[in-house]
Amino acid sequence: MLDIRITKTQHPKDKPDQEHLGFGHYYTDHMFIMDYTEGQGWHDARIEPYHALSLDPAAMVFHYAQESFEGMKAYRTADGNVQLFRPYKNAARFASTHRRLCIPEIPEEDFVQAVKALVDIDRDWVPNAPNTSLYLRPFTIATEAHLGVKPSNSYAFIVIASPSGAYYASGLAPVKIYVEDEYVRATPGGTGYIKCGGNYAASLAGQEKAEKLGYSQVLWLDGIERKYVEEVGSMNCFFKIAGKIYTAPCVGTVLPGITRMSCIELLRHWGYEVNDTDRLAIADVIKAADNGTLEEVFGTGTAAVISPVGQLYYQGKECVVGDGKTGEVTQKLYDTLTGIQYGRLEDTHGWIEKV
Ligand code: COI
């Protein structure tokens with residue numbers, strides 16, 4: 001259990017207009033910080049007024065990207081309460097990211113305590129307009145000033161919070177996706193299965209290329225053969241073909257998304273067959289689009305929630321998914337998941353943690 005020292009801001013900020021939040025533009029009054037020093041471990045947990053960081057230009061995070069992060073949300077329910085969705089799953093994934101990047105782990109209980117403490121102090125910042133939430137960004141950075149390549153001997157674990165609306169301006173309107181067959185996002189043995197900034201930096205060129213061609217996101221293929229579907233932009237991806245549902249297996253190159261995991265559990269609970277162990281070839285997706293059995297495609301993620309895909313572009317060919325509109329399963333998943341998150345539906349799975 002952390003002993004968190006709290007310093008409240010003397011200068012509370014004006015809150016932004018809830019109807020025009022966008023994603024990730026505003027930050028609350030406070031932040032959580034905890035330091036790690038070799039020999040001492042994690043120490044000095046505190047909540048402070050939100051402020052800029054002062055770091056040595058040689059801090060290792062700037063040079064070798066020793067950095068981990070998570071994405072979570074605090075939701076406002078109709079009765080005014082505030083709640084989190086499966087925060088221990090984020091804590092466990094954060095620990096897995098730390099292990100891969102040689103960053104000392106943060107006990108799962110401490111991670112959740114830190115997040116809850118920040119949400120609690122900035123509780124008034126959790127918006128209540130439809131489809132808004134307080135997006136939470138826990139992250140760890142390597143702070144040692146040193147230019148040799150090795151794990152840092154000091155770190156800062158920080159949590160910031162951003163009142164946000166929809167991640168994609170299009171909301172639940174189907175998007176057009178570019179299937180990327182030149183750049184790759186992840187390769188076996190790499191870092192595709194963890195949440196680190198480098199994965200997202202590596203995705204920017206593909207994303208930019210797709211946008212220039214008029215597509216809003218990229219569907220990544222596997223890094224070896226460029227044959228099997230993996231992820232879409234900042235989301236996991238699901239395909240419904242002839243009644244069966246497929247999503248890429250989490251075998252090292254795909255992020256084990258908490259929304260992905262929850263969708264699989266809901267779909268199985270509803271009786272759908274979900275294949276999350278065999279890889280799905282892009283050729284089979286295109287074939288299904290051609291013969292009319294590609295019924296639905298959607299992305300899943302904490303920030304993006306459920307994002308329907310209406311069209312795919314692959315090697316010179318445009319394919320329409322289903323009738324190009326939001327599919328029935330996509331809509332049901334969106335309604336159920338957000339229903340549980342915002343407290344409109346009963347939490348029969350034990351996924352909600354009140355703050
Ligand atoms: C999230 O869905 O929370 C993420 O972390 C994706 C992010 C890059 C926006």
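This is a predicted model: local features need pLDDT of at least 70, side-chain atom pairs count only at pLDDT 80 or more; totals for chains, interfaces and linings use all residues.
Q: How many cavities of 30 Å³ or more does a search of the whole structure find?
A: A cavity here is a set of points where a 1.4 Å probe fits but cannot get out. With that condition and the size limit of 30 Å³ or more applied to the whole structure, the number found is 3.

Q: Which strand supplies the largest share of the lining of the largest cavity?
A: The largest cavity holds about 70 Å³ of space, and its lining includes Met 72, Lys 73 and Tyr 75 as well as Ile 258 and Thr 259. Two elements, strand S5 (72-76) and helix H6 (258-269), each supply at least two residues of this lining. The largest share, 3 residues, comes from S5.

Q: Which domains each give at least three residues to the lining of the largest cavity?
A: The lining includes Gly 71, Phe 85 and Asn 90, and also Thr 302 and Gln 341. By class, the lining residues divide into 4 nonpolar, 5 polar and 1 charged. At least three of the residues are drawn from each of domain 1 (5-165) and domain 2 (175-341).

Q: How many charged residues are in the lining of the second largest cavity?
A: About 50 Å³ of space lies in the second largest cavity, which is lined by residues including Glu 295, Glu 296, Val 297, Pro 308, Val 309 and Lys 325. Strand S15 (294-301) and strand S16 (305-314) are the elements that give two or more residues to this lining, with the largest share, 3 residues, coming from S15. Besides 4 nonpolar and 4 polar residues, the lining has a charged class numbering 3.

Conventions. Residues are numbered from 1 along each chain as its sequence is written. Side-chain values use heavy atoms; hydrogens and water are left out. On a 1 Å grid over the protein atoms alone, a cavity is a set of points where a 1.4 Å probe fits but cannot get out, and a pocket is an open set with protein on both sides within 12 Å along at least five of seven lines; lining residues have an atom within 4 Å of a point. Grid points are joined across faces, edges and corners, and a volume is the space filled by probe spheres set on the points. Helices (H or I, at least four residues) and strands (E, at least two) are DSSP runs, numbered from the N terminus. Ala, Val, Leu, Ile, Met, Phe, Trp, Tyr, Cys and Pro count as nonpolar, Asp, Glu, Lys and Arg as charged, and the others, Gly among them, as polar. Domain bounds come from an automatic or database domain assignment.
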